[in-house]
Amino acid sequence: METKDNVVLHVADVHKRFGGLHALADIDLQIEEGKTHAIIGPNGAGKSTLLNVIIGRLAPTSGAVVFDGTVLTGKKPHEINQLGVARVFQTPEIFADLSVLQNVMTPAFARRDGAFRINMFRSTDNETEIREEAEAILEDVGLIERRGVNSGALSRGDKRRLELAMCLIQKPRLLLLDEPTAGMSRHDTNTTIELLKKIKARGMTKVIIEHDMHVVFSLADRMSVLAGGRIIAEGLPSEIKGDPRVQEAYLGGAYT
Ligand code: ADP
Ligand code: MG
């Protein structure tokens, strides 16, 4: 399928098989610049597989992923990350022995020094600038008062906020979120929704995989519904909500 205008990510005719299992079939997904696109679907639908194909952790059996005119298929995860694609919230990947502030500064140092050559103690070039930027982001995510705390001591919700901060300092063009509010209290969920709205206001493109319908309908500009490895519906949240196929496949008629 041809890529439409303003599309920053195009998942083009992707299939993924695990042995005899067709985990993804005929996936064509186009994400417009600056939009928040939600992907919903029941357990086992293929959501995480799709995300892993996009970020290069899994190779599609056929098809391609194109980001801003560059074919990602065949590239390594860190190469895809350097092109401006960041993913959060699968498993918190933070440095438990470093402070909250040091954790947020690390990806910026990595960017400056080149991946895998981070040396926090070597050069102090741009350090003040990076620190100020990290502090501004911690303010945004509500962790500024905990900047000196060892990250290992944070609550689960705070660890997720820290991971988001570590992504934001990379200034990705495309942010992929895998169930950003899973395991959070209602209060933390609402705080996270507000934060993601703030990021949206800054124009960052987001793909969000989510189970919680409250989160999806608060944030998404468009939605795709995955079931059995296929996209069974795509449209505005208001359209998806009323689609009987979606209610049957996913919502079980319970959510109206
Ligand atoms: P979701 O994230 O929507 O719950 P997944 O993408 O994790 O779904 O899984 C889709 C299907 O692919 C499931 O049937 C799952 O068991 C299968 N699957 C996922 N990863 C693998 C793997 N590495 N090897 C074999 N089967 C897998
Ligand atoms: Mg999953």
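The crossing of helix 4 and helix 5 is right-handed, a term applied when the near helix is turned clockwise from the far one by less than a right angle. Helices here are DSSP runs of H or I with at least four residues, numbered from the N terminus. The model is predicted, with local features requiring pLDDT of at least 70 and side-chain atom pairs counting only at pLDDT 80 or more, while totals for chains, interfaces and linings use all residues. Residues are numbered from 1 along each chain as its sequence is written, ligands are numbered from 1 in the order in which they are written, and side-chain values use heavy atoms, without hydrogens or water.

Helix 4 spans residues 127-141 and helix 5 spans residues 156-168; they pack at an angle of about 140°, with axes 10 Å apart. Helix 4 contributes I137, L138 and V141 to the contact, and helix 5 contributes R161, A165 and L168, where contact means heavy atoms within 4.5 Å.

Helix 5 also packs against helix 6 (residues 186-201), at an angle of about 10° and with the axes 11 Å apart. These two helices are therefore roughly parallel to each other. From helix 5, the residues in contact are G157, R161, L164 and L168; helix 6 supplies D188, T191, T192, L195, L196 and I199.

Ligand 1 is surrounded by residues including F18, L21, P42, K47 and S48, each having a heavy atom within 4 Å of the ligand. An oxygen atom of ligand 1 lies 2.6 Å from a side-chain N or O atom of T49. A polar backbone atom of G46 is 3.0 Å from an oxygen atom of ligand 1.

Notes
Axes fitted to C-alpha atoms, helices over the stretch in contact; angles between N-to-C directions. Polar contact = N/O pair within 3.5 Å; in protein donor to acceptor, adjacent residues only side chain to side chain. Parallel < 35°, antiparallel > 145°, perpendicular 65-115°, else oblique.
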